[in-house]
Amino acid sequence: MKLRLTDLSIRKLGNPQDGQATHWDATTPGFGIRCSAKSKSYVVMYGAKRRLKTIGRYPALSLSDARRQAKLFLASQATVRNEAIEHDYQDVLSAYLADCHSRLRPSTLEGYLLYLNGIKLDGPISEITQRSIMQAIGRYTTSPTSRNYAFTPFKVFFNWAMRRQYVAVNPLSNLKRPHKTTSRDRVLSEDEIKMLLSYTLDQTDRYCGIVSLLLVTGQRRGEIAGLRWDEVSGGWLHFSPNRTKNARGHAVPLGPLGLRILDRPKTHNVFVFGDADSDQPFSGWSRAQRRLLRETGLPHFTLHDLRRTFATVHAKLGTPIHVTERLLNHVSGTVSGVAAVYNRHSYEQEMLAAQVAYHDILADYARE
């Protein structure tokens, strides 16, 4: 039985009338507390034969001291083993991935395979250092967000290797995810836009349609994923206030590429990108995004990065900022406050002109 061992949780553990009950710590692998009729003792499991060693009794030995002793003991056992047998990193990784295939969900496994197979490390696993791992991740990834995604599978892998005594310590144990993700600045380059469009415009699946339309309209993910056929009219998308983040009605021109993307059979009754069986908005984002990245070879990006890319390309084209903000349906911006109260101009013609220029650029990218 696994339990997050704390002083409070240990005090609450009852003593069985007969036999023994062992509660394993959810945070320190191999460490636990064994309760008998009259006592509670800290234990540690080690070795291929899963032997048990008693560290001390509770409460004479504190939980923090017992956990520290357990870690030191497990590290010493792993050192003894690794002095006798040196394990190749790739061999251990193969064993780990085989274990993952048997117990992980396909969507989780797909993410692990993407980074663990893509980021190459070689040599004895005991010689793999924190520095070498982070340098390899840095060479493979191009953005703080993708480095975060790559870091987690490696930390989990080395925890697994340590529990099975392939290494004495996890070289990443004292590190947290390398980058905060509260603010993002990822903008797709011209080559990445070309690669993305050349792939998604030729596909017929729902996710590629969503990604394409996000790039060509600059709208938010939820708005496009939940797009209904009755919101498409006259070459424009029309969103009611209850469909937008700022609760303000919004209309945006589709442009030539947008019309091309929506020129598809109406296989769903209500939602453009819905589920044909239940006619619900699209779901399954993570798996679909991993598949897109794998098949295109693009570095990691989020769907909101497409919205930022949309605004950046418009800036390069010289689109006035207030027109771009209208296209994005931004409440705060150059036309806000008192100015917004008195300026009731719809900017429809300016939005149309901006989208035509923008789509000309995207069409050139798609043809290359």
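Predicted model: local features only at pLDDT ≥ 70, side-chain atom pairs only at ≥ 80, totals over all residues.
Helices, of at least four residues, and strands, of at least two, are taken here as DSSP runs and numbered from the N terminus. Counted in that way, the protein has 15 helices and 8 strands.

The protein has 368 residues, of which 43% count as buried. Its accessible surface comes to about 19,500 Å², and carbon and sulfur atoms account for 51% of that area. If we take the contacts between residues at least 6 apart in sequence, 57% of them join residues at least 24 apart.

Which residues form the negative patch? They are Glu 86, Asp 88, Asp 91, Asp 122 and Glu 127. Glu 86 is placed in the loop between helix H2, residues 63-84, and helix H3, residues 89-103. Its relative accessible area is 44%, so Glu 86 is classed as partly exposed. There is also a positive patch, formed by Lys 2, Arg 50, Arg 163 and Arg 164. Lys 2 belongs to strand E1, residues 2-3, and counts as exposed because its relative accessibility is 68%.

Next, the backbone. Most residues other than glycine have a negative phi, and most peptide bonds are trans. The peptide bond from Tyr 58 to Pro 59 is cis, with omega near 5°; Pro 59 sits in the loop between strand E5, residues 51-58, and H2. Gln 165, which is not a glycine, has a positive phi, near 65°. Gln 165 is found in the loop between helix H6, residues 144-163, and H7, and it counts as buried because its relative accessibility is 10%. Asn 329 likewise has a positive phi, near 60°. This residue lies in the loop between helix H13, residues 321-328, and helix H14, residues 337-342. With a relative accessibility of 3%, Asn 329 counts as buried.

Finally, let us consider Thr 200, in helix H7, residues 190-200. Is Thr 200 buried or exposed? Its relative accessible area is 3%; buried means under 20%, and Thr 200 is therefore buried. What is it in contact with, leaving aside neighbours within four places in sequence? Thr 200 is in contact with Cys 208, Val 211, Ser 212 and Leu 292. As for Leu 213, it is 13 residues from Thr 200 in sequence, and the two are 9.8 Å apart in space, C-alpha to C-alpha.

Key. Residues numbered from 1 in each chain as written. Heavy atoms only, no water. Patch = residues over 30% accessible without salt bridge, like charges linked within 9 Å, V, L, I, M, F, W, Y side chains within 5 Å. Areas by Shrake-Rupley, 256 points an atom, 1.4 Å probe, with all protein chains shown as cover. Salt bridge = Lys/Arg side-chain N within 4 Å of Asp/Glu carboxyl O. Lys, Arg positive; Asp, Glu negative; His and termini not counted. Charge placed at Lys NZ, Arg CZ, Asp CG, Glu CD. Buried < 20%, exposed > 50% of the residue type's maximum accessible area, 1.4 Å probe, protein only. Contact = heavy atoms within 4.5 Å.
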